[in-house]
Amino acid sequence: MLKTVTAALLASAAMATASFACEISLKASDTHPDGYPTVEGVKAMGKMLEEKTDGRICIEMFHSAQLGEEKDTIEQTQFGVIDLNRVSFGPFNNIIPETQVPSLPYIFRSVDHMHKVMDGEIGQQILDAFSDHDLVALTTYDAGARSFYNSQKPIDSLDDLEGMKFRVMQSDLFVDMVGALGANATPMPYGEVYSSIQTGVIDGAENNWPSYESSGHFEVAGYYTLDQHLMVPEVLVMSKQTWDGLSEEDQALVMEAAKESTKVQRELWAEREAESEEKVRAAGSEIITDIDKTPFIEAMDPVYEKYVTDETLKDLVARIRAVE
Ligand code: GTR
């Protein structure tokens, strides 16, 4: 027994030494808890890098918003305090116009459509836009579709949304999106949503199955209406400072591992979506699936008119629509 314990201790000490021994240790941030598909995607990337470099490059994951809420971590990444950051395109909307395009309501017809766009030339053009903002966007991850949930009542139509108050990510585009649907939006950090619903500061929020579940929001907002107004992908960014400090060979390795991690994340995502759905249904959330999306889609015209104004964005939207 003692022998086994000693062996285990030695093994874990060796592992700790191994991670300290990394010549390049990349500090990564994620708002989600351990085990969430985005966290696991970045961890898989770290494993690939360790393997490919014999432990020379590794990733140290700080999940559960240990390094702060998304908006703050983005700034820290621009300053080079955080090396890698997995975030949504949403919080970049106000600073990088191109990110508004995949954040537009109902822009993608399906997950397949979104993958084709993000994995192709259009996706690359959007990722390239980060380079003017002290960031290098490496790859995108899945985040399913976002829908409204609330603590008050089942929402079956636009009429039911009238006057209700929903939290949105800190992006003007989403404030206007909720406004166009006849409700009121309050932008706030993700970590404040649970208590804000609980205390009645807001009626609800909007998110995908895994976030609705892992954040515990389903405990305080038991009505979930699958209107699927957004399909905003996640993005994995690296600080430009960190990137510039890497050799060209290492940059290529990092890029390759990031792209590979997308495949892992997408598989984990699909599994987690189903698990989260099962969990919140079992907990008694009322899920409204039978909803006519047409009035929701039509209500978004003013949002497109306000945000898709310059030629670059118009061109991106037209090209996305043309992708079969
Ligand atoms: C989640 C997303 C997070 C964060 C969160 C939010 O779906 O994965 O990065 O953006 O939504 O609503 O703040």
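Me: Domain bounds come from an automatic or database domain assignment. With that settled, which domains give residues to the lining of the largest cavity?

Reply: This is a predicted model, and in it the lining of the largest cavity takes at least three residues from domain 1 (16–143 + 232–276) and at least three from domain 2 (146–231 + 285–322).

Me: What makes this space a cavity?

Reply: A space is called a cavity because a 1.4 Å probe fits there but cannot get out. The structure has one cavity of 30 Å³ or more. The largest cavity holds about 230 Å³ of space.

Me: Which residues lie nearest the centre of the largest cavity?

Reply: They are E70, S88, R146, M169 and Y190, out of 21 lining residues. The elements α3 (70–78) and β3 (84–88) each give two or more residues to this lining.

Me: How do the lining residues of the largest cavity divide into nonpolar, polar and charged?

Reply: There are seven nonpolar, seven polar and seven charged residues.

Me: And the largest pocket: why is it said to lie between domain 1 and domain 2?

Reply: Domain 1 (16–143 + 232–276) and domain 2 (146–231 + 285–322) both give residues to its lining, so the largest pocket lies between them. It holds about 450 Å³ of space. Among its 25 lining residues, Y106, F108, R109, Q228 and M231 lie nearest its centre.

Me: Which element gives the most to the lining of the largest pocket?

Reply: That is β9, with five residues. α4 (111–119), β9 (223–230) and α14 (301–307) each supply at least two. By class, this lining has 14 nonpolar, six polar and five charged residues.

Me: Last one: what span should helix α12 have, and how far apart are its end C-alpha atoms?

Reply: Helix α12 (residues 248–282) has 35 residues, so at 1.5 Å a residue it should span 51 Å; its end C-alpha atoms are 50 Å apart, which agrees. After α12 comes G284, with a positive phi near 100°.

Technical notes: Residues numbered from 1 in each chain as written. Predicted model: local features only at pLDDT ≥ 70, side-chain atom pairs only at ≥ 80, totals over all residues. Heavy atoms only, no water. 1 Å grid on protein atoms, 1.4 Å probe; cavity = no way out; pocket = protein on both sides within 12 Å on 5 of 7 lines; lining within 4 Å. Points joined across faces, edges and corners; volume = space filled by probe spheres on them. Helix = DSSP H or I, 4+ residues; strand = E, 2+ residues; numbered from the N terminus. Nonpolar A, V, L, I, M, F, W, Y, C, P; charged D, E, K, R; others polar. Expected span 1.5 Å × (residues − 1).
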